[in-house]
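This report looks at selected helices, a strand and single residues in one model.

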Amino acid sequence: MGSAKVVVAGSINMDIVVRAARHPQPGETLLGQSVQFFAGGKGANQAIAAYRLGTPVILIARVGDDGFGGSLRAFVSQEGLDTQRVLATAGASGTALITVADSGENTIVVVPGANDALSPVDVEVDIEPGDVLVSQCEIPAQTIEHFFVRGKRLGARTLLNAAPARPLAPTLAAAADVLVVNESELAILTGAAVDAEDAGTVIAAARSLQPAIENVVVTLGGRGAVACLGPVSETVPGRRVEVVVDTTGAGDGFVGALAARLAAGEPFAQALVFANAAASICVERPGAAASMPTMAEVLAVL
Ligand code: ATP
């Protein structure tokens, strides 16, 4: 029997990374050292993570009709993903302006652009029982809520990655079967003091989000992840990696892999172990989407 599919409704962005000796003062113009363009966005990254694992994936997103729109669509299609649901909208594509100083410190300004135009009608795709629907907080909340409510009615499971963290409307929380957050997002959502070194504080904060959301998964960087699945809690220790090259995209790798294994019908606790292994591979490689592993690569470290 084939896997059910993963349907991601989310963001797609062009990241413009400028390197400079230091950050400019307000009103100051500096000469920088380099500029690079990276296609990404949590929606696209998570869709690619699931697709590289051999899962059928639909990505629903919007790009602008500016110069970046075509590049963003090409980036998704080069991965082999269908771009039929990557729609064009008038105006700017989602863009992140990132300045990295020699100190390594960065400043980021994200402009949602076309991501803000992803509408409830856009997300009405064919859903089958067992499909896993995934979204993050970079598209309008009402679109996520419609996507999830309709999907659940059609027998799908829904996974919300509340990143970047923002207060969740009770109706949105009620439509999410699974919540995935990192430690700081958990602290913002709950207002609780969360200390990754103290699993008790993580579990207590995660439990405070239940029963609104039945399954709450908290990623803890190199420490792995903790999950409250109904009344049961699971701890997945981080995999020890030789060298941490670039953690960008690790969270997206985790979410994409978790969704892929849930769509394949794997029990939740096993899917968590798999997602933790997949995400650990992301940190051993540069880039975000580029660092997502294949099934063979994950199986090799499990
Ligand atoms: P990012 O914003 O960097 O993409 P995040 O803050 O959303 O990440 P993290 O909790 O930092 O999410 O990492 C997600 C998952 O990636 C972790 O649960 C773990 O499985 C894996 N991971 C992250 N950092 C490491 C590490 N140093 N060693 C091993 N695994 C890691």
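A residue counts as buried when its relative accessible area is under 20%. The model described here is predicted.

Val-17 belongs to strand 2, which runs over residues 13–20. With a relative accessible area of 9%, Val-17 is buried, because the cut-off is under 20%. Beyond the neighbours within four places in sequence, Val-17 has contacts with Ser-34, Val-35, Gln-36, Phe-38, Ile-98 and Val-100. For Val-100, which is 83 residues away from Val-17 along the chain, the C-alpha to C-alpha separation is 7.2 Å.

Thr-143 is part of helix 3, residues 141–153. Its relative accessible area is 1%, so Thr-143 is buried. Once residues up to four places away in sequence are set aside, Thr-143 touches Leu-118, Ser-119, Pro-120 and Val-123. With Leu-118 there is also a polar contact: a polar side-chain atom of Thr-143 is 2.7 Å from the backbone oxygen of Leu-118.

The table sets out the two residues.

| Residue | Element | Relative accessible area |
|---|---|---|
| Val-17 | strand 2 (residues 13–20) | 9% |
| Thr-143 | helix 3 (residues 141–153) | 1% |

**Helix 1**

How many of the eleven residues of helix 1 are buried? Eight of them are, and helix 1 (residues 42–52) is thus mostly covered. The buried residues are Gly-43, Ala-44, Asn-45, Gln-46, Ala-47, Ile-48, Ala-49 and Ala-50. After helix 1 comes Gly-54, with a positive phi near 90°.

**Helix 5**

Helix 5 covers residues 183–190, and its buried residues are Glu-185, Leu-186 and Leu-189. These lie on the same side of helix 5, because they take up an arc of only 100° around the axis. In an α-helix there are 3.6 residues a turn, so residues three or four places apart point the same way.

What covers the buried residues of helix 5? The cover includes strand 10 (178–182), helix 6 (199–208) and strand 11 (215–219).

Both ends of helix 5 can also be described. Following helix 5 is Gly-191, whose phi is positive, near 75°.

Terms used. Residues are numbered from 1 along each chain as its sequence is written. This is a predicted model: local features need pLDDT of at least 70, side-chain atom pairs count only at pLDDT 80 or more; totals for chains, interfaces and linings use all residues. Side-chain values use heavy atoms; hydrogens and water are left out. Buried means under 20% relative accessible area, exposed over 50%, partly exposed in between (1.4 Å probe, protein chains only). Helices (H or I, at least four residues) and strands (E, at least two) are DSSP runs, numbered from the N terminus. The arc is that of the directions from the helix axis to the C-beta atoms. Contact means heavy atoms within 4.5 Å. A polar contact is a pair of N or O atoms within 3.5 Å; within protein, one must be able to donate a hydrogen and the other to accept it, and residues adjacent in sequence count only if both atoms are side-chain atoms.
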